[in-house]
Amino acid sequence: DNYFQAVSTEAIEVIEVFNNIGQIEIRKEGNKFNKQMLVETSQLAKGMYFVRMSFSKNRTTVVKLSIQ
């Protein structure tokens, strides 16, 4: 699969995928209604990445993503 699905209990405003040196590889904007987003990863090389999901009121969460 060349994508991942992010699911949240609240609307996801922005998803950013960072490489291991902090560069943004993917940025996808949602809207105030999206509680899930599908992100294509076919352009990413194999390796570890960090996914930052941003929500309203400056709330964020970060998770690891492994592309194999």
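**Pocket and hairpin**

Analyst: The lining of the largest pocket divides into five nonpolar residues, five polar and one charged. Here Ala, Val, Leu, Ile, Met, Phe, Trp, Tyr, Cys and Pro count as nonpolar, Asp, Glu, Lys and Arg as charged, and the others, Gly among them, as polar. This is a predicted model, where local features need pLDDT of at least 70 and side-chain atom pairs pLDDT 80 or more, while totals for chains, interfaces and linings use all residues. Residues are numbered from 1 along each chain, and side-chain values use heavy atoms, without hydrogens and water.

User: Which element gives the largest share of that lining?
Analyst: E6 does, with three residues. Strands are DSSP runs (E, at least two residues), numbered from the N terminus.

User: New topic: how do E2 and E3 pair?
Analyst: Strand E2 (residues 14-18) and strand E3 (residues 24-29) pair in the antiparallel sense over five bridges; pairing requires at least two bridges found by DSSP. Phe18 has Ile24 in E3 as its bridge partner. The two strands form a hairpin with five residues between them, and Gly22 in the turn has a positive phi of about 90°.

User: Is Glu16 buried or exposed?
Analyst: Glu16, in strand E2, counts as buried because its relative accessibility is 6%. Buried means under 20% relative accessible area, exposed over 50%, and partly exposed in between (1.4 Å probe, protein chains only).

User: And which side chain does the Glu16 side chain make a polar contact with?
Analyst: The side chain of Arg27, at 2.7 Å; the side chain of Arg52 also makes a polar contact with that of Glu16, at 2.7 Å. A polar contact is a pair of N or O atoms within 3.5 Å; within protein, one must be able to donate a hydrogen and the other to accept it, and residues adjacent in sequence count only if both atoms are side-chain atoms.

Conventions: Helix = DSSP H or I, 4+ residues; strand = E, 2+ residues; numbered from the N terminus.
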